[in-house]
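Open the model in your viewer and keep the selection tool at hand. The tour goes stop by stop.

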Amino acid sequence: PGARGGRDYFEPVGMREAFRRFWSNYVDFSGRSNRGEYWWAVLAPILLSIVVSIVDMALFGVGSEMQPLSALLSLATLLPSLSLAVRRLHDIDRTGWWILAPLGLVVLGFLFLIPMMSQMGTGIGPSFPVGATVSFVAAFAMGVVLFVWYC
């Protein structure tokens, strides 16, 4: 706790200030982000992506698969979003490595599927991918846990 950017850490921030901090702390995975700063900074890119999607549809057509502006926005906000999530976890005294838990569980689920896929059509092996299903359900559950922590 303490001052951050000339402002008190516990002082509520609005969307403009949260979005400014979102970009100014682009790859800062240290420090903390309070709940208000986190949710305002999450909302701003969502609103921006809606506007960019509308522009993509206007430029490239409604049914077009080509959405380069949306792709660029997603790419540009990837690192700041990860760093924001890590700083939010730091605020509740959790390590930022927790954001990798769902990804690790999904990778584990796919590893369970590889042997099953190689034996498809041979009549050998399990007919239902239990290990993969458990991993994917656990990844979803971990995503819910992260969401609760962000709240």
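**Stop 1: α3 against α5**

By class, the contact of α3 with α5 holds five nonpolar residues, one charged residue and no polar ones. Bear in mind that this is a predicted model.

Helix α3 covers residues 68–91 and helix α5 covers residues 130–150. Their axes lie 9 Å apart, and the packing angle is about 70°. α3 is therefore roughly perpendicular to α5. Turn the view to check the hand: the crossing of α3 and α5 is left-handed.

**Stop 2: α1 against α2**

Select residues 15–24 for helix α1 and residues 35–60 for helix α2. How do their axes cross, and within what distance do they come? They cross at roughly 85° and come within 8 Å. So α1 and α2 are roughly perpendicular to each other.

Next, pick out the contact. From α1, show Met15, Ala18, Phe19, Arg21 and Phe22. From α2, show Glu37, Trp40, Ala41, Leu43, Ala44, Pro45, Leu47 and Leu48. Colour the contact of α1 with α2 by class: 11 residues are nonpolar, two are charged and none is polar.

**Stop 3: the largest nonpolar core**

Clear the view and select Val13, Ala18, Phe22, Tyr38, Ala41, Leu84, Ala85, Leu89, Met142, Leu146, Trp149 and Tyr150. Together these 12 residues form the largest nonpolar core. Which helices each supply at least two of its residues? They are α1, α2, α3 and α5. The largest share comes from α5, with four residues. As background, nonpolar side chains tend to be buried together in soluble globular proteins.

Some residues from the earlier stops return here.

**Stop 4: aspartate 93**

Go to the loop between α3 and α4 (101–118), where aspartate 93 sits. Check its backbone: phi of aspartate 93 is near 60°, a positive value in a residue other than glycine. Is aspartate 93 buried or exposed? Its relative accessible area is 62%, over the 50% cut-off, so aspartate 93 is exposed.

**Stop 5: valine 51**

Finish in helix α2, at valine 51. Valine 51 has 48% relative accessibility, so this residue counts as partly exposed. Draw a C-alpha to C-alpha distance from valine 51 to serine 70: it reads 9.3 Å. In sequence, valine 51 and serine 70 are 19 residues apart.

How values were computed:
Residues numbered from 1 in each chain as written. Predicted model: local features only at pLDDT ≥ 70, side-chain atom pairs only at ≥ 80, totals over all residues. Heavy atoms only, no water. Axes fitted to C-alpha atoms, helices over the stretch in contact; angles between N-to-C directions. Parallel < 35°, antiparallel > 145°, perpendicular 65-115°, else oblique. Left-handed = near helix turned anticlockwise from the far one by under 90°. Nonpolar A, V, L, I, M, F, W, Y, C, P; charged D, E, K, R; others polar. Contact = heavy atoms within 4.5 Å. Core = buried A, V, L, I, M, F, W, Y, C linked by side-chain atoms within 4.5 Å. Buried < 20%, exposed > 50% of the residue type's maximum accessible area, 1.4 Å probe, protein only.
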